[in-house]
Amino acid sequence: MMAPPPLGLIAELTHRCPLSCPYCSNPLELERASTELDTETWRRVLDQASAIGILQIHFTGGEPLVRRDLPELVRHASALGLYTNIITSGVTLDDRAMAALTSAGVDHIQLSFQDSDAAGNDMIGDSRGAFAKKQAAAARIRQAGLPLTVNFVVHRENVARVPQMIDMAEALHAERTEIAHVQYYGWGLVNRAALLPTRAQLEAATEAVEAARLRLAGRMVIDYVVPDYHAARPKACMGGWAQRFINISPSGRAMPCHAAETLPGFVFPSVRETTLSDIWHKADAFLRFRGTAWMREPCRSCDRREIDWGGCRCQAFALLGDLTATDPACELSPDHGVMQAAVRESGPGAYVFRRIEKARVT
């Protein structure tokens with residue numbers, strides 16, 4: 001049976017970024033500007049996305065605004081009837097950039113903050129003055145009449161300020177706020193010990209989110225993403241392996257998720273050489289873990305197997321060295337203890353910041 005088309009295409013236009021966040025989800029081996037797909041190739045990819053029934057395009061990075069052709073790509077996607085979303089740090093979203101994107105027909109902008117506090121925000125992004133630039137970007141987005149989602153990434157050092165983050169999003173007139181705990185892949189895994197919150201911190205943050213949801217019901221939606229390390233069951237990573245998204249790296253590798261290239265034994269097809277239709281329907285890299293046939297026990301007989309789809313393959317490999325193992329986030333996994341051990345071993349410490357010259361950190 002042919003799989004239904006993916007809901008969205010995640011277009012990682014570049015790994016270049018003015019920030020150096022130590023929890024960045026980009027790979028440790030960052031791709032250089034010289035390897036990036038050119039404009040015409042991206043236009044062809046957008047054509048193919050529309051043809052196979054994709055509805056949403058998420059332009060991301062790195063920082064997608066460093067690509068001078070971003071307005072052109074947004075305009076092309078809009079002409080195809082695709083819903084366009086830009087995920088940005090906002091530090092380069094000046095008046096000229098905002099006007100160009102508005103003219104191109106962008107539908108939505110998701111703006112990331114590193115904290116509700118200027119000092120904390122600028123420290124974690126390793127970029128002085130970034131907080132003020134982000135606030136100005138939020139104002140431009142609202143003045144342009146665009147819907148705004150504000151994203152806060154939370155961790156041990158800023159999780160106590162979740163209430164202030166929600167208050168700030170409300171003051172910025174965001175329609176949606178995402179309170180997202182660090183997900184421990186890429187640079188986040190390198191810095192896990194210093195970033196991972198305690199259970200008490202997580203519980204306090206969860207209480208704050210639930211209280212705010214009640215208070216702001218009908219005015220602002222609050223999405224909440226928790227860390228796997230305090231979970232009893234895994235999340236459905238990306239909605240399930242090759243179930244909802246195609247992720248394309250700056251150089252054109254197509255993957256079911258941004259972290260999949262860490263897995264051994266895969267050849268991820270390139271959009272330079274293979275159509276999106278063939279990638280989605282025929283590529284081994286997309287078929288291998290789609291559905292439930294690949295599962296071992298306890299996943300195979302679990303009544304949640306078509307809810308969480310076995311959890312995250314990248315996490316299973318990163319923590320256990322076995323990409324077919326039950327995600328250790330699950331309490332039914334015989335290896336669940338590795339998550340609990342990581343929590344015990346976490347605590348304040350120095351960060352390894354995301355930088356090209358440090359891309360080979362292990």
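Colleague: Which side chain does Glu31 make a polar contact with?

Modeller: That's Arg253, with 2.7 Å between the two side chains. A polar contact is a pair of N or O atoms within 3.5 Å; within protein, one must be able to donate a hydrogen and the other to accept it, and residues adjacent in sequence count only if both atoms are side-chain atoms. Keep in mind this is a predicted model: local features need pLDDT of at least 70, side-chain atom pairs count only at pLDDT 80 or more, and totals for chains, interfaces and linings use all residues. Residues are numbered from 1 along each chain as its sequence is written, and side-chain values use heavy atoms, with hydrogens and water left out.

Colleague: Is Glu31 buried or exposed?

Modeller: Buried, because its relative accessibility is 10% (buried is under 20% relative accessible area, exposed over 50%, partly exposed in between, with a 1.4 Å probe and protein chains only).

Colleague: What else does Glu31 touch?

Modeller: Leaving out neighbours within four places in sequence, Glu31 contacts His15, Ser249, Pro250, Ser251 and Arg253. Contact here means heavy atoms within 4.5 Å.

Colleague: Switching topic, how many disulfides are there?

Modeller: The count is 0, where a disulfide is a pair of cysteine sulfur atoms within 2.5 Å. For Cys299, the nearest cysteine sulfur belongs to Cys330, 6.5 Å away.

Colleague: And which cysteine sulfur is nearest to Cys330?

Modeller: The one of Cys302, at 6.3 Å, so Cys330 is in no disulfide either. Cys330 counts as buried, at 7% relative accessibility.
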